[in-house]
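User: Could you take a close look at the surroundings of the ligand for me? I would enjoy one connected account of that part.

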Amino acid sequence: MINTRLLQNTQENLETAAQLIRDGQLVAFPTETVYGLGADARREDSVRAVFAAKGRPADNPLIVHISDLSMLDGIVKEVPEIALKLAESFWPGPLTIVLPKQDCIPAVTSGGLDTVGIRMPSHPVARKLISLSECPIAAPSANRSGLPSPTTAKHVMDDMNGRIAAVLDGGQCEVGVESTVICFDNPETIHILRPGLISQEDLTPYAKRVYVDKAVFTQIAPDAKVSSPGMKYKHYSPKAKILPVDAPDFESFQNYVLQHQQNHTYCLLFDSDSEIEGIPCLHYGDSGVQQAHDLFFRFRELDAIGAELVYVRMPRQTGADLSVYNRLMRAAGFEVIRL
Ligand code: TXA
Ligand code: MG
């Protein structure tokens, strides 16, 4: 056990945090998506400590965060035209681009792959931390492996207290789900490995073809070959059993739930839904953007209040909503009730 410092967002604390990173320590920090667990991406010992603190499988690569385009030179072998255009349009922001890595990014960081996912976050605290640390920062989401990603410093403390040097508190994350992860099958094809706020529709003007990996929609076999190792692992799940219900309207959802409630049953509803008598309900917005913002926060809230079974209203699968659909389905192990 180490003493984990909770640092408020001041210049002095940012400098302290940057010094910790330079010393090879682990510091959790806010990004616009979720909190990340940061370490110097070039240091094997520090990156190993990230995997250990999270309990993360060694073959699941980390995203490397930069604060300036000039940092790309030392990290990736080449930046194709299409990547440059996307970086110009979407960075800083919630887009991770997978590119061939250089040797200074060790195999521990890339999970043994010869590529690395790069992202320039827009959160001011993240940007300052990276530039003060003077190194690319490898950062997975700052949760214990398998749990929902943290969107507040308190969530990070709940998972990581005693395991890491410090947590920088930057308030609640604006986006709420992790970045869109993409790679290029060829110079004209964008392959979405993980959906996020930046949607397939947003990316369409930049390539001849943009498609979403099938693992986003369906459970893949345990021995299947995957394009992104993170797809293999159960993810984002609170302790409570999450059960999405695909209902044509609120009334049919309500009827189903009333007939199938058990001990400690809760519901996660849209804001526009009414309450259900006799069943405690939380709400998670109406639009995809609101739902993304609230989903992981509500998952952690449901665990805190002792929920055991949670029926969830099904999000849409278009635009940014697909990111919510994907996280929910993964939390449910792709089990769904269709009415
Ligand atoms: O928004 C985010 O992306 C957050 C914040 C902290 O930046 N980070 C995050 O990291 O969500 P993590 O480690 O929880 O998820 C990274 C995902 C994993 O599913 C991983 O398999 C995939 O990105 N990934 C990373 N590098 C990859 C690569 N070289 N090829 C394919 N997939 C990669
Ligand atoms: Mg994660």
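Analyst: A polar side-chain atom of R119 sits 3.0 Å from an oxygen atom of ligand 1, a polar contact in the sense of two N or O atoms within 3.5 Å. Taken by itself, ligand 1 would expose 690 Å², and the protein buries 96% of that; such accessible areas follow the Shrake-Rupley method with a 1.4 Å probe.

Please keep in mind that this is a predicted model, where local features need pLDDT of at least 70 and side-chain atom pairs count only at pLDDT 80 or more, while totals for chains, interfaces and linings use all residues. Side-chain values use heavy atoms, without hydrogens and water, residues are numbered from 1 along each chain as its sequence is written, and chains are lettered from A and ligands numbered from 1 in the order in which they are written.

H65 places a polar side-chain atom 2.6 Å from an oxygen atom of ligand 1, and an N or O atom in the side chain of T115 is 3.0 Å from a nitrogen atom of the ligand.

Around ligand 1 there are 26 residues, counted when a heavy atom lies within 4 Å of it; T33, N60, H65, S179 and S228 come nearest. The shell divides into 11 nonpolar, 11 polar and 4 charged residues, with Gly counted as polar and Asp, Glu, Lys and Arg as charged. Strand β6 gives the most to this shell, 4 residues, where strands are DSSP runs (E, at least two residues).

Technical notes: A polar contact is a pair of N or O atoms within 3.5 Å; within protein, one must be able to donate a hydrogen and the other to accept it, and residues adjacent in sequence count only if both atoms are side-chain atoms.
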